[in-house]
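These are my notebook entries on a single structure. I set down what I looked up, in the order in which I looked it up.

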Amino acid sequence: MDENFQLAGLLEISGTIRCRTGLHVGGNPEGFQGIRLDSPVVRDPMTGFPYIPGSSLKGKLRALVELALGRYGRDRGAYHPCSCNACPICRIFGVGAKNRSTKGDVRGPTRLVVQDSFPEGFAGVRAVPDEGTTAARWERLPTALPYTEWKKENSLDRITSAASPRDVERVPAGSVFGFAMVYQLYEPADADALPVLFLAMELLERNYLGGSGSRGYGKVSLAVQGLVLVPREALLGSLGGGEPASTAAVLPGVADLSDLKSRIAGALRSRLFQGEGNDPLPLPTAGTPLAEQGSRQRPPPHPGAS
Ligand SMILES: [Zn+2]
């Protein structure tokens with residue numbers, strides 16, 4: 001195994017998350033501006049605007065794709081993510097430092113960085129949101145809470161029929177957030193793993209984001225609007241010593257997740273890894289240990305990982 005690895009390029013993925021139903025991503029139980037709710041949303045501490053933490057989005061995408069591909073683990077009732085450090089999921093979403101050093105073949109840092117998603121029109125502290133955007137509409141919401149609605153949820157005890165109402169705060173349906181991710185590519189397998197990320201996005205559209213999804217909350221649509229490749233040469237500039245390179249849109253005009261899923265690996269391979277190991281890994285399917293699939297010299301999965 002090579003000891004050195006080198007960044008080949010970065011793929012910047014951006015787009016929108018549109019809330020089809022009210023969204024509840026849970027926050028500090030102390031609430032906001034002294035208003036206590038049983039179940040408040042997470043807010044940006046400087047502006048009070050609700051947002052979607054990158055960790056929430058990343059964790060949900062990971063869990064959904066683990067469920068779909070048979071890598072979702074439970075240990076004594078608690079969820080634990082795949083830690084084989086060999087499958088496409090571990091490659092994209094990362095594993096803890098302990099597992100990274102002791103097993104598997106994915107070297108280097110976690111490939112995917114998921115940034116916090118802020119509402120469309122959000123411009124930070126003391127800035128006025130653009131007209132017509134989600135942030136501007138939130139400022140005019142006729143509710144008691146800034147930028148959100150709240151809903152009385154009633155759960156009935158099935159035996160005693162006793163009601164236990166609670167207040168759940170939500171971002172209203174129709175709100176739009178902007179998402180941004182950066183994916184680091186070091187080797188051809190990084191390009192080959194990427195369809196799994198778009199699969200995870202497709203699964204999210206058919207599932208939910210945040211809490212109370214089984215009660216209808218958190219139905220979202222995702223649209224990829226930007227897919228920009230920054231090759232290593234463009235990052236290094238004159239430091240690189242080679243031919244100057246520029247950033248480029250990858251698959252311009254293709255925003256459909258299914259289409260991206262089938263074409264992204266080939267597009268990135270041809271731009272970054274031409275001629276390197278010309279046998280793209282197939283998308284894993286459920287039922288077969290991922291580490292055995294499409295692998296030329298992958299180690300067997302760790303016995304504790306499944
Ligand atoms: Zn894994």
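**Entry 1: Pro81**

I began with Pro81, which lies in the loop that connects strand E3 (78–80) to helix H2 (88–93). I note at the outset that the model is predicted.

Is Pro81 buried, exposed or partly exposed? I counted 19 other C-beta atoms within 10 Å of Pro81. Burial requires 20 or more and exposure 12 or fewer, so Pro81 is partly exposed.

I then looked up its contacts, leaving aside neighbours within four places in sequence, and found Arg62 and Glu66 in contact with Pro81. I also checked Gly59, which is 22 residues from Pro81 along the chain; their C-alpha atoms are separated by 9.2 Å.

I turned next to the largest nonpolar core, which has 67 residues. Which members touch the most other members? They are Ile89, Cys90, Leu194, Val196 and Ala200. Helix H6 (residues 195–205) gives the most to this core, contributing seven residues.

I took Val196 as a case. With neighbours within four places in sequence left aside, Val196 is in contact with Val65, Pro88, Ile89 and Ile92.

Why is H6 largely enclosed by the rest of the structure? Eight of its eleven residues are buried. I listed these as Pro195, Val196, Leu197, Phe198, Leu199, Ala200, Met201 and Leu204. The buried residues of H6 pack against helix H1 (54–68), H2, strand E4 (112–114), helix H5 (188–193), E9 and helix H8 (257–272). As general background, I recorded that nonpolar side chains in soluble globular proteins tend to be buried together.

**Entry 2: H1 against H6**

I looked up the geometry of this helix pair. The axes of H1 and H6 are 8 Å apart, and the two helices pack at an angle of about 95°. Angles of 65 to 115 degrees count as roughly perpendicular, so H1 is roughly perpendicular to H6.

On the H1 side I found Lys60, Leu61, Leu64, Val65 and Ala68, which meet Val196, Leu199, Ala200, Met201, Leu203 and Leu204 in H6. By class, this contact has ten nonpolar residues, one charged residue and no polar ones.

**Entry 3: strand E1 and its partners**

E1 pairs with strand E8 (residues 176–185) in the antiparallel sense, over ten bridges. Within that pairing, I located Leu10 opposite Gln184 in E8.

How many bridges join E1 to strand E9 (residues 220–231)? I found eleven, and these two strands run antiparallel. Here Gly15 stands opposite Val224 in E9.

Methods
Residues numbered from 1 in each chain as written. Predicted model: local features only at pLDDT ≥ 70, side-chain atom pairs only at ≥ 80, totals over all residues. Core = buried A, V, L, I, M, F, W, Y, C linked by C-beta atoms within 7 Å. Helix = DSSP H or I, 4+ residues; strand = E, 2+ residues; numbered from the N terminus. Contact = placed C-beta atoms within 7 Å. Pairing = 2+ DSSP bridges. Axes fitted to C-alpha atoms, helices over the stretch in contact; angles between N-to-C directions. Parallel < 35°, antiparallel > 145°, perpendicular 65-115°, else oblique. Nonpolar A, V, L, I, M, F, W, Y, C, P; charged D, E, K, R; others polar.
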